[in-house]
Amino acid sequence: MSATSGYAISWLRDGFLEVLQTAFRLFPWPTEAGLRSVGRPDASSPVLLTGNYDLTVRRLIRALKGCDVWLVVAPSGGINVWCAAAGGHLTTHQVVTALKTSGVADKVDHRRVILPQLAATGVLGLDVFRRSRWRVRFGPVSMIDLPAYLAAEEKTDSMRRVQFSLSDRLQMAVMWAAPAAVLLGGISLWVEPAWAIPLTLLAIAMSIGVFTLYDRLGNARRWILMATSVALAVGITVVAGGDAAAIIAAVAAPVILTAALTFDYTGSTPLEGGSHFEERKWNIVLDKDRCEGVFRCWEVCPEACFEKLEDQRKVELQHDERCIRCGACVVQCPKDALFFEDSDGARIEPEVIRRFKLNLLGERKVDAG
Ligand code: SF4
Ligand code: SF4
């Protein structure tokens, strides 16, 4: 086999794997943890750390083309960084262990590590320093911004806010459409093969609709989505001459898909504002007397809710209406100046947010120690 055909086969294999992983991103895709070099790093090169989610690691290495860095891949259960950190799979312990066992300390003459900003819900920067002497900085939200961040050594406003571009939204749509289509198509083939193609198309259309339009539809969006989808599915079924069983399926499938697609899991989607979880009713509160202007909250908030008051060495919670209750600011604040409070004045203390992470139902019950 010539070098050219070998390269073509590996390019095709990587492309196929990337499509497959994008379509089935709901499932873990672990890659080997450990130390990797990108470019030609030396003793003074930056050290980055990410989780062992294969898709992220491969995209990250591509995004870092032209940079010379050390990349520590920490075990995160093969899950992407934001979900892994929010769900207790990428924690302070995993990061400290990876820094101590990967051999990176022998490669560099400094102890500074850059984590993805979205790891801030699960990894306590101060504890990493206490336990390993490595200083943590939280880099940009998007890996695309890493080369500019590394060059400037600071984050711009756009680098610290989750944007959900059209490309991100379409990838999320594909990630839901693929398993939904496989499930609905499979059940149809078993029950009534004639339904397989319409139900698969319905799953794809609803996934795209939800991730591109849903959050722009106002408060009644769940009902608007469900009513529109049921009306269209029933209308098309009747026009196509479907029988009573087909009409029942045309009602049931959109209702089930609406419930599944708009279930806001851990809030790391553009569907923010889901009402499933108690915690979403709590508000983020800043105790300004405790704040000493460390600006960790400003660095990690994915919705850029905070503004710096540099002259007073304080922050202001200027955009609390954007808060998605991710808890990153609460976890990182060294002064316990941030906490969640409900309208009756009851609190969730910072220690609870630091220790307990979210399960798949959005309940803060996963003990991350
Ligand atoms: S709220 Fe906490 S993290 Fe934010 S600036 Fe004040 S002390 Fe620092
Ligand atoms: S203000 Fe809200 S969105 Fe921002 S880091 Fe804190 S909890 Fe998360």
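How many helices and strands does the protein chain have? I looked this up first. The protein chain has 13 helices and 12 strands. Helices are DSSP runs of H or I with at least four residues, strands are runs of E with at least two, and both are numbered from the N terminus.

I note that this is a predicted model: local features need pLDDT of at least 70, side-chain atom pairs count only at pLDDT 80 or more, and totals for chains, interfaces and linings use all residues. Residues are numbered from 1 along each chain as its sequence is written, while chains are lettered from A and ligands numbered from 1 in the order in which they are written.

**Overall shape**

I checked the radius of gyration, taken over C-alpha atoms. The globule rule is 2.2 Å times the number of residues to the power 0.38. For 369 residues a compact globule would be near 21 Å, and the protein chain has 23 Å, which agrees. The C-alpha trace spans about 70 × 70 × 35 Å along its principal axes.

I then looked at burial. A residue is buried with 20 or more other C-beta atoms within 10 Å of its own, exposed with 12 or fewer, and partly exposed in between; C-beta atoms are placed from the backbone. Buried residues make up 37% of the 369.

**Helices α8 and α10**

I looked at how α8 (residues 196–213) and α10 (residues 244–261) pack. Their angle is about 40°, and their axes are 10 Å apart. Axes are lines fitted to C-alpha atoms, for helices over the stretch in contact, and angles run from 0 to 180 degrees between N-to-C directions. From α8 the contact uses L199, L202, A203, M206, S207 and V210; from α10 it uses A253, P254, L257 and L261. Contact means C-beta atoms, placed from the backbone, within 7 Å.

**Helix α4**

Which residues of α4 (residues 92–101) are buried? I found T92, Q94, V95, A98 and L99. They are on the same side of α4 because they cover an arc of only 165° around the axis. That arc is taken from the directions from the helix axis to the C-beta atoms. The cover over these residues includes β2 (47–51), β3 (69–74), β4 (112–115) and α5 (125–132). Just after α4, G103 takes a positive phi of about 90°.

**Positive phi outside glycine**

I looked up E153. Its phi is near 60°, a positive value in a residue other than glycine. E153 sits in the loop between α6 (146–152) and α7 (166–191). It is exposed, with 9 other C-beta atoms within 10 Å.

I also looked up R325, with a positive phi of about 55° although it is not a glycine. R325 is in the loop between β8 (314–317) and α12 (328–332). It is partly exposed, with 19 other C-beta atoms within 10 Å.

**Two glutamines**

Is Q332 buried or exposed? Q332, in helix α12, counts as buried, with 26 C-beta neighbours inside 10 Å. Leaving aside neighbours within four places in sequence, Q332 is in contact with A120, L124, G125, R296, C297 and V300. The C-alpha atoms of Q332 and P350 are separated by 9.3 Å.

Q318 lies in the loop between β8 and α12. I found Q318 partly exposed, with 13 C-beta neighbours inside 10 Å. Not counting residues up to four places away in sequence, Q318 touches C305, F306 and E307.

Note on methods. Contact = placed C-beta atoms within 7 Å.
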